[in-house]
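Visitor: Please walk me through reading the rings and strands of a model. Keep it brisk.

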Amino acid sequence: MSTFRFQQFTVQQGESAMKVCTDATLFGAMAPVAGGEQVLDIGAGGGLLSLMLMQLGAAQVTAVELTESACRDAALNFAASPWCDHLEWVHQSIQDFAADCQRRYDLVISNPPFFQQHSKSRETLRNLARHSDRLPHAELVGIAARLLSESGCFYLLIPRHAVAPVTALAEAAGLFAVGRADYAGYRESQAKVTALSFRRRREMFVSRRLVIYNAPRVYSEESTRYLSPFLLRFAATT
């Protein structure tokens, strides 16, 4: 599917290696946006998370993406959205961007490459999107810590098995876990991915397990609450 339509925006993804998926959409819908934030989206792809954050009330989003093809999708998606004047896409590695960046962000968000030291597929772009060779977790955490404002939040989606090492890396960089949400496909399923939130100060840590589906294509009450402002299937009931 080259185009994914949401209630308030459309994601053209014909050139993006990684397509819209439920985990990423739920991650964006649960983002800690209170309103008015300056946001940095690391590894933005076609711009899904950036667009969702604008709908949630962010003031400005800078989307940094390495691959030229995904940037072309992001440029189209941002220009066609209601927030085109508040979305900026940058075709650059986050390492190069961070080296010259003097700004600090209220929210740094990333759905980073998931796989380390796994066999790679034959599709080069999909490899770049799915593997962390170009952006190791240690480097990602260090960049987030450097670009985060004093009261800001670093929010990322990672495989569940990476939670402990990433949390340790974050603490070493002066960022402390304040929230965790494990996404399980069904009630009886084991969670495979986790959304983590970090801040510069220790706070009460909140951990939860979120079940996405009650049955195939039937969202749970909790996931429906987050996704209903975004997905077209809920448009008639919101």
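**Rings, charges and strands**

Guide: Start with a charge and a ring: the charged end of Arg233 sits over the ring of Phe234, 5.6 Å from its centre. The test is NZ of Lys or CZ of Arg within 6 Å of the ring centre and within 35 degrees of the ring normal. Arg225 has its charged end over the ring of Tyr226, 5.4 Å from the centre.

Visitor: What kind of model is this, and how are residues numbered?

Guide: This is a predicted model: local features need pLDDT of at least 70, side-chain atom pairs count only at pLDDT 80 or more, and totals for chains, interfaces and linings use all residues. Residues are numbered from 1 along each chain as its sequence is written, and side-chain values use heavy atoms, leaving out hydrogens and water.

Visitor: How many aromatic pairs does the structure hold?

Guide: A ring pair is described by the distance of the centres and the angle of the planes. Rings of Phe, Tyr and Trp (its six-membered ring) pair if their centres lie within 6.5 Å; planes under 30 degrees apart are stacked, over 60 edge-to-face, the rest tilted. The structure holds eight such pairs. One of them, Phe4 with Phe6, is tilted, at 4.8 Å centre to centre and 40° between the planes.

Visitor: Why is the pair of Phe9 and Trp83 edge-to-face?

Guide: Their planes stand at 65°, with centres 6.0 Å apart, so the pair is edge-to-face. Phe9 lies in the loop between strands E1 (3–5) and E2 (10–12), and Trp83 in the loop between helix H3 (68–79) and strand E5 (87–91), so the pair ties together parts 74 residues apart in sequence. Helices (H or I, at least four residues) and strands (E, at least two) are DSSP runs, numbered from the N terminus. Phe4, Phe6, Phe9 and Trp83 form one aromatic cluster.

Visitor: Are Phe9 and Trp83 buried or exposed?

Guide: Buried means under 20% relative accessible area, exposed over 50%, partly exposed in between (1.4 Å probe, protein chains only). Phe9 and Trp83 are both buried. Phe6 is buried at 4%, whereas Phe4 is partly exposed at 24%.

Visitor: In what order do the eight strands form the open sheet?

Guide: Strands of a sheet pair through backbone hydrogen bonds, either parallel or antiparallel. Two strands pair if DSSP finds at least two bridges between them. Here the order is E5-E4-E3-E6-E7-E9-E8-E10, with mixed pairing. E5 and E10 (206–211) are the edge strands, each pairing on one side only. E3 (residues 38–42) and E4 (residues 60–65) run parallel, joined by five bridges. Gln38 stands opposite Gln60 in E4.
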